[in-house]
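Please consult the sequence and the structure alongside the text.

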Amino acid sequence: MSEVLNAVSSDILDSLAGIGPNSPLAAARQTRDAATRHTQGSYDAIFTADTEEDSALPLSLRFWLAEKITLLQQDEILQRFYADRLADFPAPTLTPALQRAQAWVERLTTAPVSASPEQLHDLQQAGWSAKDIVTLSQLVAFVNFQSRLLRGYRLIAGRDVKTHPALSAVAGSWHTQSQTHSGKAAPQAFTQAELGWEPWLSAKPLAEFNEEEQAILARFGHTDSDYFRLLGRNLPVLEQRTLTDKGIFYTPGGLPRKERELVAAVTSKVNGCIFCASVHARKASQLSKQTEDVQRLLDVAPGDELGQGQSPRWQAIIDFSARLSATPALADAHDLARLREQGLDTLEIVDVVQSAAFFSWANRLMLTLGEPFWPES
């Protein structure tokens with residue numbers, strides 16, 4: 001078994017995307033070395049790290065669920081990869097607890113905005129611990145991220161991808177209830193204002209982290225965050241995820257930071273994540289000084305195309321990002337060509353792909369483990 005795991009722990013996406021060793025894409029991924037290394041590190045933390053004997057998520061089940069996600073994404077290449085990993089394991093028994101988990105996997109992949117605290121309660125009643133639910137949710141969100149990276153890289157590399165020519169990527173729906181589960185005032189529309197976020201599962205108390213774990217939280221400024229202390233129930237995955245985030249959004253050169261933030265807001269509009277959009281639309285406005293253009297994006301109604309009324313460059317970036325963020329992902333060679341026509345080079349396009357893919361991960365956690373609220377003035 002260890003031989004199988006060691007054989008895939010170098011750079012999965014490099015192999016699956018067919019990236020030539022001396023290609024512009026290979027050079028761009030090397031420039032974004034931190035994102036490249038920690039994307040693989042995230043995979044290793046989820047799929048090759050030792051698992052506890054009493055865990056509800058043994059490695060065999062993680063691979064089995066990952067293959068289910070790739071089928072929902074209609075990602076045939078990644079599906080074959082996980083099917084190969086499964087070849088050494090027996091099929092799991094479909095218990096009531098596993099049926100609940102499978103339903104959670106499908107919801108996070110296809111309609112994360114439809115998640116509710118009652119569904120998390122049902123998982124707990126079926127025997128899933130808070131740590132297991134966090135690990136399960138990270139697994140789902142990561143494979144959604146991984147699938148979109150793979151599609152984007154294959155497009156840049158000139159490889160074939162499955163196309164859906166009759167479909168278009170549009171703004172998704174979002175929550176419009178006036179109150180959160182705990183009774184706080186809830187936002188009912190996308191906004192650039194600052195919002196709070198509260199978890200539906202309890203965050204792990206800081207005192208329950210050991211000294212080394214507290215130092216990791218402090219290193220990233222996560223100590224006082226309910227969101228990150230909740231994700232800290234699986235700290236190795238959180239650490240790799242945070243390093244991936246920093247490698248994508250906080251690196252010099254390539255796509256201007258204002259447009260990486262724009263891409264994050266676009267993906268959040270597709271998935272209906274008001275909280276993530278508020279943070280990253282606000283940053284895009286601050287950096288671009290194009291507040292009205294950013295607000296125009298946020299104001300797009302469900303079912304309408306997100307690039308309407310934008311400049312040709314922003315329209316090309318918005319459309320590509322929205323189509324990559326859809327489920328199943330839709331971005332194709334035509335979308336890529338439009339980015340090229342607007343003067344984006346390979347590194348800049350890699351930044352677009354990675355930014356959209358990462359928020360396909362982030363939104364799925366924010367939307368399914370808690371909800372936003374209006375802070376008291």
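Strand 2 (370–373) gives the most to the lining of the largest cavity, with 3 residues. Helix 14 and helix 18 likewise supply at least two residues each to this lining. Helices (H or I, at least four residues) and strands (E, at least two) are DSSP runs, numbered from the N terminus. The model is a predicted one, in which local features need pLDDT of at least 70 and side-chain atom pairs count only at pLDDT 80 or more, while totals for chains, interfaces and linings use all residues. Residues are numbered from 1 along each chain as its sequence is written, and side-chain values use heavy atoms, with hydrogens and water left out.

The search of the whole structure finds 2 cavities of 30 Å³ or more. On a 1 Å grid over the protein atoms alone, a cavity is a set of points where a 1.4 Å probe fits but cannot get out; a pocket is an open set with protein on both sides within 12 Å along at least five of seven lines; lining residues have an atom within 4 Å of a point. Grid points are joined across faces, edges and corners, and a volume is the space filled by probe spheres set on the points.

The table lists the spaces with their volumes and the classes of their linings. Ala, Val, Leu, Ile, Met, Phe, Trp, Tyr, Cys and Pro count as nonpolar, Asp, Glu, Lys and Arg as charged, and the others, Gly among them, as polar.

| Space | Volume | Lining by class |
|---|---|---|
| Largest pocket | about 530 Å³ | 13 nonpolar, 5 polar and 6 charged residues |
| Largest cavity | about 140 Å³ | 10 nonpolar, 5 polar and 1 charged residues |
| Second largest cavity | about 40 Å³ | 4 nonpolar, 4 polar and 2 charged residues |

The largest cavity is lined by 16 residues, of which H175, I274, L367, E371 and P372 are the closest to its centre. The lining of the second largest cavity includes D11, R29, Y43 and F142. Helix 4 (33–47) gives the most to that lining, with 4 residues; helix 2 (12–16) and helix 9 each give two or more.

Helix 9 (residues 130–156) reaches 39 Å from its first C-alpha to its last, close to the 39 Å expected for its 27 residues at 1.5 Å a residue; the expected span is 1.5 Å times one less than the number of residues. Of these 27 residues, 26 are buried, where buried means under 20% relative accessible area, exposed over 50%, and partly exposed in between (1.4 Å probe, protein chains only). G158, which follows helix 9, has a positive phi near 75°.

In the largest pocket, Y227, F228, D245, H280 and M366 are the closest to the centre among 24 lining residues. Elements giving two or more residues to this lining include strand 1 (196–199), helix 14 (274–288) and helix 18.

The structure holds 0 disulfides, a disulfide being a pair of cysteine sulfur atoms within 2.5 Å. For C273, the nearest cysteine sulfur, that of C276, is 3.4 Å away. C273 is buried, with a relative accessible area of 2%, and C276 also counts as buried, at 4%.
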